[in-house]
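This report goes through one protein chain step by step, from its overall build to single side chains. Please keep the sequence and the 3D view open while reading.

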Amino acid sequence: MAFFRSETELNQWVARLLSGPAQPRKEFVIGGTTFERLYEMAAHLHQMFHSSVETRRVCLCTEDKGVITATLLAALAGGPSVILPYASSPQVLSELYGLLPYECVVTDRVVEAPPSVRCIIPEGGRASWPPSDALPSRPPGAEWVRLFTGGSTGAPKMWTKTVRNLLAETISIVDHYHVTDQDRLVATVHPNHIYGLLYSILTPLLASAAVSGATPSFPGEIESAIAQTEATILVSVPAHYRALNGHALTAPALRLAFSSAGMLAAEDAAAFSAQTGVGIAEIYGSTETGGIAARVRAAGETDFKPYRTIAVRIEGERFKVRSDYLSPELERDTDGYFVMGDRVAATAGDVSC
């Protein structure tokens with residue numbers, strides 16, 4: 001039986017995040033931004049968002065994990081909603097402005113923004129994070145982020161994610177995979193899509209864990225990042241596991257690996273587990289639905305098992321899901337279920353997709 005997060009629990013998590021850093025001097029970005037500096041940047045942004053005309057939306061034009069996280073915190077503290085563009089070129093920024101006007105761009109460098117749009121580069125030490133009781137918090141049902149599909153099935157499509165959508169899923173990730181403040185994450189995926197946002201930004205934030213600032217993609221870069229950070233968790237995609245197949249990989253501290261954004265080849269999963277002794281948790285889901293099910297083939301799981309926070313129904317080969325993670329744009333039936341486009345079959349307690 002699936003369960004859903006209560007308003008009380010989600011509000012408690014929001015209050016916890018807005019109360020400031022629990023471990024100020026601990027690194028959030030490994031070798032870079034501390035949690036204290038993260039909240040200082042968020043305070044600077046919060047100040048800037050409320051210093052002039054009303055700011056309803058901001059566009060994030062950066063891959064800096066500290067800047068992204070600081071912007072999300074400022075938005076959660078009564079700030080504007082955040083757009084994560086699928087690319088940061090002037091053309092894309094202009095197209096997005098025509099689609100969904102925004103008042104400013106938050107970035108870590110000078111960018112070419114549309115006319116009348118101001119650029120903000122957040123700085124640490126410019127402002128102190130206000131007491132949480134002085135901050136208006138964004139309610140669970142409110143829009144927090146707009147982001148895009150990866151475009152693998154055509155032109156990128158924009159989806160809304162509410163506070164409930166993102167926080168409820170991240171809480172479940174932290175709980176299900178026992179992510180703690182001792183974990184150190186390396187992600188080979190960019191944080192401007194749902195998978196990277198959840199696993200390389202929000203998961204370390206909620207768990208007070210640390211994350212590598214780099215986004216490696218070549219086998220040598222991935223191995224180097226894992227070694228240099230003493231990573232315990234790898235967040236990657238099938239193409240990168242394929243590239244690692246046959247490449248000598250030493251990862252003594254690694255305890256967990258994730259794969260999503262496509263089907264992972266069995267031989268690549270087996271090769272990775274044989275080299276590292278670590279099973280890969282393969283995540284099934286989409287931008288609009290969030291994570292639905294997972295399997296770890298190294299643990300003998302052949303089919304995908306829905307998370308306990310997900311309600312599923314199978315009618316013929318039609319797969320229907322209901323969860324906290326569904327984007328508000330999705331059409332649901334009278335029982336709150338969304339019909340997936342994938343064909344599925346039920347197995348012994350699992351779902352074969």
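## Basis of the model

This is a predicted model, in which local features need pLDDT of at least 70 and side-chain atom pairs count only at pLDDT 80 or more, while totals for chains, interfaces and linings use all residues. Residues are numbered from 1 along each chain as its sequence is written, and side-chain values use heavy atoms, with hydrogens and water left out.

## The chain as a whole

The chain holds nine helices and 19 strands. Both are DSSP runs numbered from the N terminus: helices are H or I with at least four residues, and strands are E with at least two. Along the principal axes, the C-alpha atoms fill a box of roughly 60 × 50 × 40 Å. The radius of gyration of the chain is 20 Å, which agrees with the value near 20 Å for a compact globule of 353 residues. This radius is taken over C-alpha atoms, and the globule rule is 2.2 Å times the number of residues to the power 0.38.

Of the 353 residues, 55% are buried. Buried means under 20% relative accessible area, exposed means over 50%, and partly exposed lies in between, for a 1.4 Å probe and protein chains only. Contact means heavy atoms within 4.5 Å. Among contacts between residues at least 6 apart in sequence, 64% join residues at least 24 apart.

Eight strands make an open sheet with mixed pairing, in the order 1-9-8-10-11-12-13-14. Strand 1 (29-30) and strand 14 (305-306) each have a single partner strand, so one side of each has no neighbour in the sheet. Two strands pair if DSSP finds at least two bridges between them.

Strand 8 (residues 184-187) and strand 10 (residues 233-236) run parallel and are joined by three bridges. Ala187 has Val235 in strand 10 as its bridge partner. Helix 7 (residues 219-229) lies across strand 1, strand 8, strand 9 (210-212) and strand 10, and runs at about 165 degrees to strand 8. For such angles, axes are lines fitted to C-alpha atoms, for helices over the stretch in contact, and the angles run from 0 to 180 degrees between N-to-C directions.

Val82 stands opposite Val145 in strand 6.

## Salt bridges

Side chains of opposite charge can pair when their charged atoms come close. There are 16 salt bridges in the structure, where a salt bridge is a side-chain nitrogen of Lys or Arg within 4 Å of a carboxyl oxygen of Asp or Glu. One of them joins Arg56 and Glu103, at 3.0 Å from N to O. Arg56 lies in the loop between helix 2 (35-49) and strand 2 (57-61), and Glu103 in the loop between helix 4 (90-99) and strand 4 (104-107), so the pair ties together parts 47 residues apart in sequence. Arg56 is partly exposed at 48% relative accessibility, whereas Glu103 is buried at 18%.

Another salt bridge links Glu282 and Arg295, at 3.3 Å from N to O. Glu282 is in strand 12 (residues 280-286) and Arg295 in strand 13 (residues 290-296), so this pair ties together parts 13 residues apart in sequence. Glu282 is buried, with a relative accessible area of 3%, and Arg295 is buried at 8%. Elsewhere, salt bridges that share partners join Arg5, Glu9 and Asp175 into one network. Within it, the closest N and O atoms of Glu9 and Arg5 are 3.0 Å apart.

## Asn165

Where is Asn165 found? Asn165 belongs to helix 5 (residues 163-176) and is buried, at 3% relative accessibility. A polar atom of its side chain lies 2.9 Å from the backbone nitrogen of Thr162. The Asn165 side chain also reaches the backbone oxygen of Asp324, at 2.7 Å. Leaving aside neighbours within four places in sequence, the residues in contact with Asn165 include Thr160, Tyr325 and Pro328.

Methods. A polar contact is a pair of N or O atoms within 3.5 Å; within protein, one must be able to donate a hydrogen and the other to accept it, and residues adjacent in sequence count only if both atoms are side-chain atoms.
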